[in-house]
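Student: Could you take one part of this model and walk me through it closely? I'd like the cut-offs spelled out as you go.

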Amino acid sequence: MRTWYLALAAAGAILTLLPLPFRITADCAVQPSATRYVSARFDGMLKEALVRPGDRVRQGDVLVRLDGREIELQSNSVGAEKDKASKMRDQYMAVGDTAAAQIARLDELRFTGQLKLLEEKLQALTLVSPVNGIVLTGDLKRIEGSPVSKGQTLFEVAPLDKMDMELAIREQDIAHVEPGMNVQVRVAAYPEKTWPGTI
C-alpha cells in the first residue's frame with residue numbers, strides 16, 4: 001500500500017511539472033492598423049457622394065465627384081485671354097514693337113500656366129480610394145451641393161488586411177500574459193470563426 005502512495009505522489013509531482021493549457025478570455029476593441037485620408041485638393045462644390053461609412057471599396061473606386069462648372073468657366077476665360085495675348089504679340093511683332101511683343105509673350109506664358117493648373121483641377125474632380133478597405137467616416141450624401149475647402153478630409157478609408165486589437169485583460173490574469181504569445185480572436189459578428197494573432 002505504501003508503494004502505491006509513493007507511486008501516486010511521484011505521478012502527482014511529475015504532473016505538476018507538465019505545462020497545462022491556460023485560457024484567458026478578454027474583451028477587445030478592433031481597429032485598423034492604418035487609416036488613409038481622402039481630402040479635397042482645392043476649394044469647390046460637392047457634386048455627388050458615392051459611398052457611405054461601412055461601405056467596402058477597392059483601390060481606385062470613385063468615392064466622390066466635385067462640381068467642375070466653375071473651373072470650366074475659368075478655363076474658358078483664361079483660354080480667351082491667352083488667345084488675346086497671342087494675337088497682341090503677333091500684332092506687336094508685325095509693327096516692330098519688340099518690347100510690347102515680349103510683354104504679350106510673357107502674358108501668354110502666364111495664361112498657359114493657369115490653363116495647365118485648371119486642367120489639373122479638372123482631372124482632380126473625381127476622388128478615388130487609395131486602398132482596398134472600408135470607409136470609416138465620410139457620410140457626405142446629406143451635404144451634396146455644399147462647398148468643400150482645400151485640405152478638408154472627406155473620407156477615412158482603412159485597409160482590412162491588418163488589424164490591431166486592444167485587449168482588456170483582467171488584473172489577476174495579466175501575470176500570465178507575455179509578448180509573443182499566440183491568441184485566438186473571436187468576434188460577436190462571426191461567433192463560429194476565429195482569427196490567429198500575436199500579443
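Tutor: Let's look at helix 2. The buried residues of helix 2 are Ile71, Ser75, Val78, Gly79, Ala85 and Ser86, where buried means under 20% relative accessible area, with a 1.4 Å probe and protein chains only. Keep in mind that this is a predicted model: local features need pLDDT of at least 70, side-chain atom pairs count only at pLDDT 80 or more, and totals for chains, interfaces and linings use all residues. Residues are numbered from 1 along each chain as its sequence is written, and side-chain values use heavy atoms, with hydrogens and water left out.

An α-helix has 3.6 residues a turn, so residues three or four places apart point the same way. Among the things covering the buried residues of helix 2 is helix 3 (98-123); contact here means heavy atoms within 4.5 Å. Helices are DSSP runs of H or I with at least four residues, strands are runs of E with at least two, and both are numbered from the N terminus.

As for length, helix 2 covers residues 69-95, and its 27 residues should span 39 Å at 1.5 Å a residue, which agrees with the 40 Å between its end C-alpha atoms. That expected span is 1.5 Å times one less than the number of residues. Just past the end of helix 2 sits Gly96, with a positive phi of about 85°.

For the strands, there's an open sheet of 4 in the order 2-9-7-4, with antiparallel pairing; two strands pair if DSSP finds at least two bridges between them. Its edge strands, each pairing on one side only, are strand 2 (36-39) and strand 4 (56-57). Strand 4 is joined to strand 7 (residues 133-137) by 2 bridges, and Val57 stands opposite Gly133 there.

Note on methods. Buried means under 20% relative accessible area, exposed over 50%, partly exposed in between (1.4 Å probe, protein chains only).
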